[in-house]
Amino acid sequence: MRKSEQYKGFLKKRGQEIYNPPLSCYVTHPPFPKDMLVEVTNRCNHACVFCMNNKMTRKKGEIDSALLVTILKQAHALGVKSVGFYSTGEPLMFKDIDFAVGTAKRLGYEYIYLTTNGALADLAKIKGLVARGLDSIKFSINALSSDTYRLVHGRDDYEQVLKNVKALRQYRDDSDVPLRIGISYVVTDDNRSEVAQAKSLFEELADDTGFFEEGNQGGYMSRRGKPSNVVLPCNLLFNRIHISCEGYLTLCCVDYQDYLAVADLRETSLADAWTTPAAVGIRERHLAGNVEGTLCYNCVYCKSVAVLPLVAELATIFDFESGSLKQGE
């Protein structure tokens, strides 16, 4: 068996745990999750038409490396097995990404992964991350021509990204390093005509491919996004840890303005943050099917109405009315 295939059993189990958790998970005080996403930075070098990042008013920055180590240690002690270093930004812009991956591996995490647009993913960079313990990398490639790529991504990096993916695949196959390679494609009206061609190419380059209709990005992109396929209760609040670059525990991976942040991990332990009154309260509302007035309402019902953050002092307030008017531009 090729080393690059060794994670299949783990991935199947991990996917079941994260995306199809047991019903016993859906309680106000759920067991501590096995998977964690860390937003190492919310900066991005692209401005994709389907993404809220370039409209985000939250201050751009990156996680403090000392705080990151503390969080990684606490999470691993609580039973977290896998960690992804990405969320709303481009993780390869984080100056300490090598340190982050290496630290997680030394602490004993079973699976370390990230998603990137690939523009900065030259072979030397990714080889260094693999040497430090990276197990999986997914490329977000949302076009199959330079013109469409420029339209969708806001920059013409198509040829460079494709070169990076091909070089990595060749290296992976020649050396048989245990690295999973994935490619995802967000389908919009701008790139829909290239989907068939993209599927054919991506299946040659990647172990896993995914094609997804653009979403409403937690309600921020409701003018573009299609109705959400999220149903209540949403599993993310019960079954995955999300850390913002400020060091907040938030309850969603598309919480661009920290509206679902429940605790500052510089002041509260990760274990205590998981069961703060704010966290327990929003889970109660999910279980009751009543999330009106929260960011979850905009996400589930594809709205862009004024909502309140769970903890006001952690959020950057967003003007949904004026923001939504700009989203179709």
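**Exercise 1.** In this predicted model, find which residue of β4 stands opposite Leu114, then trace how the chain gets from β3 to β4.

*Solution.* Start at Leu114: the residue opposite is Ile137 in β4. Next, look at the pairing as a whole: β3 and β4 (residues 136-140) run parallel and are joined by four bridges.

**Exercise 2.** Now work out how β3 pairs with β2.

*Solution.* First, count the bridges: three of them join β2 (residues 82-84) to β3, and these strands run parallel. Then pick out a facing pair: Ser82 stands opposite Tyr111 in β3. Last, trace the path: from β2 the chain goes through helix α3 (residues 97-107) to β3, in a right-handed β-α-β crossover.

**Exercise 3.** Is strand β3 enclosed or open to the outside?

*Solution.* Take one side of β3 to begin with: Tyr111, Tyr113 and Thr115 are buried. Because six of the six residues in β3 (residues 111-116) are buried, the strand is largely enclosed by the rest of the structure.

**Exercise 4.** Decide whether Cys245 is buried or exposed, using its relative accessible area.

*Solution.* Locate Cys245 first: it sits in the loop between β7 (241-243) and β8 (248-250). Its relative accessible area is 6%. Buried means under 20%, so Cys245 is buried. To see some of its surroundings, leave aside neighbours within four places in sequence: the contacts of Cys245 include Glu39, Arg58 and Asp64.

Notes: Residues are numbered from 1 along each chain as its sequence is written. This is a predicted model: local features need pLDDT of at least 70, side-chain atom pairs count only at pLDDT 80 or more; totals for chains, interfaces and linings use all residues. Side-chain values use heavy atoms; hydrogens and water are left out. Helices (H or I, at least four residues) and strands (E, at least two) are DSSP runs, numbered from the N terminus. Buried means under 20% relative accessible area, exposed over 50%, partly exposed in between (1.4 Å probe, protein chains only). Contact means heavy atoms within 4.5 Å. Two strands pair if DSSP finds at least two bridges between them. A crossover is right-handed if, with the strands pointing away from the viewer, the path from the first strand over the helix to the second runs clockwise.
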